[in-house]
Amino acid sequence: MTGLVAAISGVYGLIIGSFLNVVIWRVPRHESLVAPRSHCPGCDAAIAPRDNIPVVSWLALRGRCRNCGEPISIRYPLIELLTAVLFAAVGARFHDSWALPAFLVLTAGLIAISAIDLEHFIIPNRIVYPVGIAGVILLAGAAALEHSWSPFGRALLGGVGAFVFFFVLHLVAPGGMGFGDVRLSAVLGLFLGWLGGMYVFGGLFLGFLLGAVIGSVLIAVGRRGRKQHIPFGPFLAAGTMIFVLFGEPIVSWWQGFGR
Ligand SMILES: [Zn+2]
């Protein structure tokens with residue numbers, strides 16, 4: 001059963017990953033997500049459905065536009081593969097939980113947010129808000145179906161707690177963390193809170209630590225100015241996904257100290 005849910009989730013991931021490529025290109029450029037159809041950025045030719053099959057088309061065309069031969073970035077098939085792999089892992093992790101759809105939405109959202117933040121240094125509200133709202137609705141649905149509301153209560157608490165903590169951090173150290181990071185952390189706290197309070201702490205602390213360490217290295221080697229914001233989004237996303245997927249042994253190890 002676990003394998004089946006993982007496999008189906010992985011196939012969905014390929015298709016969703018293809019859509020995320022559209023999101024990653026268009027959202028920072030304030031373009032519509034539905035129309036027009038995808039065009040080659042080189043020659044503007046519309047991309048035919050047969051050339052739009054995740055990963056396969058890029059390999060078949062050897063990474064070039066069929067019309068003009070312009071190279072197509074390897075980022076496209078990589079995003080599709082990453083989405084498929086993470087969807088399969090989330091499918092395996094939540095194969096017996098009604099929370100699976102919520103965590104697939106989170107995964108897709110975090111891939112898009114990370115790619116956009118790395119390239120443009122923004123965390124678009126156009127992605128954060130829908131993921132947060134979908135999270136509240138889907139987790140409430142999961143709580144109703146599982147006849148257990150305490151995870152949902154923890155989720156709301158996690159969202160509020162993370163927001164307050166990162167908002168204070170943003171106020172006392174305005175150079176480091178943008179307000180986009182604060183909004184994102186509220187959404188991450190919501191999903192991590194569903195799993196438990198220690199997950200909120202662990203996931204966000206790991207993300208913050210990764211961002212602070214790698215950000216300091218980038219400043220030290222001169223790749224990033226001291227006054228510039230560090231794009232914390234991808235690191236908070238990574239810390240969250242690590243705790244969503246692999247947090248269980250870490251959290252139970254921590255709880256062992258309390259006994
Ligand atoms: Zn072209």
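Is Cys-68 buried, exposed or partly exposed? I looked this up at the outset and found that Cys-68, at 36% relative accessibility, counts as partly exposed. I note for the entries below that the model is a predicted one.

**Entry 1: the zinc site**

I next looked up what holds the zinc ion. The ion is coordinated by the SG atoms of Cys-40, Cys-43, Cys-65 and Cys-68, at 2.3 to 2.4 Å. I then checked the geometry: the 4 donor atoms subtend angles of 104 to 114 degrees around the zinc ion, and the arrangement is therefore tetrahedral. The reasoning rests on the cut-off that all angles lie between 85 and 135 degrees. Along the chain, I read the spacing of the donors as C-x2-C-x21-C-x2-C.

Cys-43 is partly exposed, its relative accessible area being 28%.

**Entry 2: salt bridges**

How many salt bridges does the structure hold? I recorded 2.

One of them joins Arg-66 to Asp-51, with 2.8 Å between the closest N and O atoms. This pair links distant parts of the chain, for Arg-66 lies in the loop between helix 2 and helix 3 and Asp-51 in the loop between helix 1 and helix 2, 15 residues apart. Buried here means under 20%.

I then turned to Arg-75 and Glu-119, whose side chains meet in a salt bridge at 2.9 Å, N to O. Here too the pair links distant parts of the chain, with Arg-75 in helix 3 and Glu-119 in helix 4 (residues 100–120), 44 residues apart. Arg-75 counts as partly exposed at 26% relative accessibility, and Glu-119 counts as partly exposed at 39%.

**Entry 3: helix 6**

I checked the length of helix 6 (residues 150–172). Its 23 residues should span 33 Å at 1.5 Å a residue, and the end C-alpha atoms are 33 Å apart, so the two values agree.

Which residues of helix 6 are buried? I listed Pro-151, Phe-152, Ala-155, Gly-158, Gly-159, Ala-162, Phe-166 and His-170. I set beside this list a general point: an α-helix has 3.6 residues a turn, so residues three or four places apart point the same way.

Conventions. Residues numbered from 1 in each chain as written. Predicted model: local features only at pLDDT ≥ 70, side-chain atom pairs only at ≥ 80, totals over all residues. Heavy atoms only, no water. Donors = N, O, S within 2.8 Å, 3.2 Å for Na, K, Ca; no water. Tetrahedral: all angles 85-135°; square planar, octahedral: opposite > 155°, others 65-115°. Buried < 20%, exposed > 50% of the residue type's maximum accessible area, 1.4 Å probe, protein only. Helix = DSSP H or I, 4+ residues; strand = E, 2+ residues; numbered from the N terminus. Expected span 1.5 Å × (residues − 1). Salt bridge = Lys/Arg side-chain N within 4 Å of Asp/Glu carboxyl O.
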